[in-house]
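Start with the model itself.

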Amino acid sequence: MTPKAEILCIGTELLLGEITNTNAQYLAQQLARLGIPHHVQTVVGDNIGRIHHVLDGIVPRCQLLLITGGLGPTPDDLTHAALAEYFHVPLVEYPGLWQEIVRKYQQRGLTPSPSNRKQALLPQGSQVLANPSGSAAGIIWSPRPDLTLMTFPGVPGEMERMWQEGAVPYIQQQGWVETVLVSRVLRHWGIPESVLAERLGSLLDNENPTVAPYAGQGEVRIRVTARAPDPAAAEALLAPIVAQVQALGGEDYFGSDDQSLAGVVGSLLRQRQQTLAVAESCSGGGLGHLITGIPGSSGYFLGGVIAYDNRIKTALLGVSPELLAREGAVSEATAIAMAQGVQQRLGSHWALSITGIAGPGGGSPEKPVGLVWIGIAAPTGQAWALEQRFNPQRGRESIRHFSAQTALDVLRRTLQRL
């Protein structure tokens, strides 16, 4: 029988907002893919009393409890001690685990401190959930016949590997996976969520696969999810619906799942064996940051110029002082000149430029905050610019983000039309 699962994340730093709780997101996605129902997540600080309090609510209604955080060697790492105390069993040292911790430290030329020995103490009767990447092992433990606990360290990379290599095989061995969920996320840029939803029409009423839109930071994503006894059957259900969504998305659809605008642009440039350079003003290097975030971008991205001051636009990009005086730094003509300038200076096939007013000050009735010009220079010698007006109420960083992403989208659409 498929268990009901919950996620419990332990760590005062989560409550203080010092780090983003990506572990809960990851585990929720993984449970969904396995078809294991999961309706509640809880976050609690590093305090045994409060951990016991939340367990009072979780234990009666849950059959599979995934716990992250609190497995380190410091005094505030209390997870295993709290669990042992709650279920009235002693903490005992697992000699093999301690030897493994010593070995890992020695491989790095280090000696574990006495506090590290705490990580070899586990609730009696629990099974070690190995951590191949670190010293904080987790456990798989059934303190009651109808409850299984799994603990993971808070470090995302360690937790994710332990989940894939240890937890998932255990779950499959128990026969808990009766159906699987398989999803595709279809990503769009340059279209409002409401407009795309209208295009999709009755597809949004599908029951299996389901079709659901969600938006954020200018991108609209459509998640298509199929439930079936096995992945192959789920993929067969997905395929025709995914094809329909892609067709209805048209040119606004740019990629699926983990694909990004920067990654798609990179693939298009690689296919054409062409290069790119950028000239940035208000985005301050944000466009180059997105481009170089893609592995292998050195194969097509030559570099860029952050020309924030008009003197830099003139000295490094060749924008004439007369043009700047006549048209202003935020103008169609300047955007075109910046793109042509960096294309010529760096010898690239393509070039993008961004110049705008990110705010919060500096705007005028003629050129308000949020006004951005995006220039593009093509290998043919043609160059043009597009005017964008982003919402100033979203703030400076949002305008910079939208500027960089929209510049990539402009190039993507241009390349795909060739």
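Helices and strands here are DSSP runs, numbered from the N terminus: a helix is H or I over at least four residues, a strand is E over at least two. The model is predicted.

## The largest pocket

The largest pocket has a volume of about 870 Å³. Its lining counts 27 residues. Nearest the centre of this pocket lie V185, Y214, R221, D257 and D258.

Six elements each give at least two residues to the lining: α2, β9 (180-189), β10 (210-216), β11 (219-228), α9 (261-272) and α14 (396-417). β9 supplies the largest share, six residues. By class, the lining of the largest pocket holds ten nonpolar, nine polar and eight charged residues.

## Helix α2 against α6

α2 is also part of a helix pair. The axes of α2 (residues 22-34) and α6 (residues 156-173) come within 11 Å and cross at roughly 25°. α2 is therefore roughly parallel to α6. The crossing of α2 past α6 is right-handed.

On the α2 side, the contact uses T22, N23, Y26, L27, Q30, L31 and L34. On the α6 side, it uses P156, M159, E160, W163, Q164 and I171. The contact residues of α2 and α6 split into eight nonpolar, four polar and one charged.

## Helix α3 against α4

The axes of α3 (residues 48-58) and α4 (residues 79-86) come within 10 Å, crossing at roughly 55°. The two helices are therefore oblique to each other. α3 passes α4 in a right-handed crossing.

From α3, the residues I48, I51, H52, L55 and D56 meet A82, L83, E85 and Y86 of α4. Six residues of this α3–α4 contact are nonpolar, one is polar and two are charged.

## Cis peptide bonds

N208 and P209 are joined by a cis peptide bond, with omega about 5°. P209 sits in the loop between α7 (193-200) and β10. β10 is one of the elements that line the largest pocket.

A cis bond also runs from G359 to P360, with omega near 5°. P360 belongs to the loop between β15 (350-356) and β16 (371-377).

## Positive phi angles

Q217 is not a glycine, yet its phi is positive, about 55°. Q217 is placed in the loop between β10 and β11. Both of these strands supply at least two residues of the pocket lining.

Q273, not a glycine either, has a positive phi of about 55°. Its loop runs between α9 and β13 (276-280). α9 is another contributor to the pocket lining.

Terms used: Residues numbered from 1 in each chain as written. Predicted model: local features only at pLDDT ≥ 70, side-chain atom pairs only at ≥ 80, totals over all residues. Heavy atoms only, no water. Axes fitted to C-alpha atoms, helices over the stretch in contact; angles between N-to-C directions. Parallel < 35°, antiparallel > 145°, perpendicular 65-115°, else oblique. Left-handed = near helix turned anticlockwise from the far one by under 90°. Contact = heavy atoms within 4.5 Å. Nonpolar A, V, L, I, M, F, W, Y, C, P; charged D, E, K, R; others polar. 1 Å grid on protein atoms, 1.4 Å probe; cavity = no way out; pocket = protein on both sides within 12 Å on 5 of 7 lines; lining within 4 Å. Points joined across faces, edges and corners; volume = space filled by probe spheres on them.
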